[in-house]
Amino acid sequence: MSQGFGRRDTAPVRACPRVVAVIPALDEAPSIGRVVRQLRAQRPFLLDPVIVVDNGSRDGTGEIARQAGAVVVREERRGYGYACHAGVLAAEGAEVIVLLDGDAADDPDDLPRILGSLLDDEAELVVGSRTLGSREAGAMTPQQVLGNRLASWLMRHLYGVAVTDLGPFRAIRRDDLLGLEMREMTYGWSVEMMVKAARAGHRYREVPVSYHRRIGVSKVGGTVRGSVQAGWCILSTTFRYARWAPRPRTGRLAVAG
Ligand SMILES: Nc1nc2c(ncn2[C@@H]2O[C@H](COP(=O)(O)OP(=O)(O)O)[C@@H](O)[C@H]2O)c(=O)[nH]1
Ligand SMILES: [Mg+2]
């Protein structure tokens, strides 16, 4: 891959692999148009189309995303993992998948940095760390910060991977991701990706990213129910794939989030 892909000024367009962004979105009408437009402005790093997976929204998220230039995939089964997985399947022909949320909390300007490590062949899974980067005041609830710290600590000790955060903004090759045979179809999806990648021997790299206060209403960290469900899913998934854990049964699907 091209040298120094992470630097905007030196990246030759012809050297770009097929990078497709996948955004899971549930009722993100106030933010989704802006996120899609900002991402599309990131060419030549990103290939059109941006894929938005509308997870049964009732506020017109899909239509707004389409108007902003995204390809919209509908996934009726409610769950963060279902939505991400549907987007990955839809991104046929993509070499690299970039995942980020639809609430404008992630900063599309961090895309070159996230892609840089992957395309410079420094790692197979690159995750944007809000711990290493900067976080706007109030962007994460105290329980999110605590839960992330705990899960990161567990991952370092159980899997020996230098994790500081379970950020949603990440990049992985599509073939590698499909090879992980993801099973957690709700909040455990992101963690499953990290622990299975570690077990598969994929190199892990974090890059610092900025994290903003989301636009619109939180479905996870901002609600008690969402925080408890997400916390449970994340921790149980972290333990499930540890070396000493019994082999998880295939086909297991978690409760919807
Ligand atoms: N909770 C939840 N989020 C979903 C679902 N499908 C897609 N999402 C998206 O997942 C992302 C993370 O959710 P968010 O409410 O921002 O979580 P928070 O950042 O922890 O408050 C957003 O882009 C949601 O729109 C789903 O079924 N459940
Ligand atoms: Mg969010």
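**View 1. Ligand 1 and its polar contacts.** A nitrogen atom of ligand 1 lies 2.6 Å from an N or O atom in the side chain of asparagine 55. A backbone N or O atom of proline 24 is 3.0 Å from an oxygen atom of ligand 1. A polar backbone atom of glycine 79 is 2.7 Å from an oxygen atom of ligand 1. The protein covers 94% of the 570 Å² of accessible area that ligand 1 has on its own (Shrake-Rupley method, 1.4 Å probe). A polar contact is a pair of N or O atoms within 3.5 Å; within protein, one must be able to donate a hydrogen and the other to accept it, and residues adjacent in sequence count only if both atoms are side-chain atoms.

This is a predicted model: local features need pLDDT of at least 70, side-chain atom pairs count only at pLDDT 80 or more, and totals for chains, interfaces and linings use all residues. Residues are numbered from 1 along each chain as its sequence is written, chains are lettered from A and ligands numbered from 1 in the order written, and side-chain values use heavy atoms, without hydrogens and water.

**View 2. The shell around ligand 1.** Around ligand 1 there are 20 residues (a heavy atom within 4 Å). Glu28, Asn55, Gly79, Asp103 and Ser218 come nearest. By class, the shell has 7 nonpolar, 7 polar and 6 charged residues (Ala, Val, Leu, Ile, Met, Phe, Trp, Tyr, Cys and Pro count as nonpolar, Asp, Glu, Lys and Arg as charged, the others, Gly among them, as polar).

View 3. Helix α5 covers residues 142-159. Helices (H or I, at least four residues) and strands (E, at least two) are DSSP runs, numbered from the N terminus. Among the buried residues of α5 are Val145, Leu154 and Tyr159 (buried: under 20% relative accessible area, exposed: over 50%, partly exposed: in between; 1.4 Å probe, protein chains only). The buried residues pack against β5 (125-135), α7 (189-199) and α8 (224-240) (contact: heavy atoms within 4.5 Å). Just after α5, glycine 160 takes a positive phi of about 65 degrees.

**View 4. Glutamate 124 in its loop.** Glutamate 124 sits in the loop between α4 (111-119) and β5. Its relative accessible area is 18%, so glutamate 124 is buried. A polar atom of its side chain lies 2.6 Å from the backbone nitrogen of arginine 203.

View 5. Alanine 104 is not a glycine, yet its phi is about 70 degrees. Alanine 104 is buried, at 8% relative accessibility. Glutamate 181 has a phi near 50 degrees. Glutamate 181 is partly exposed, at 47%.

Notes: Expected span 1.5 Å × (residues − 1).
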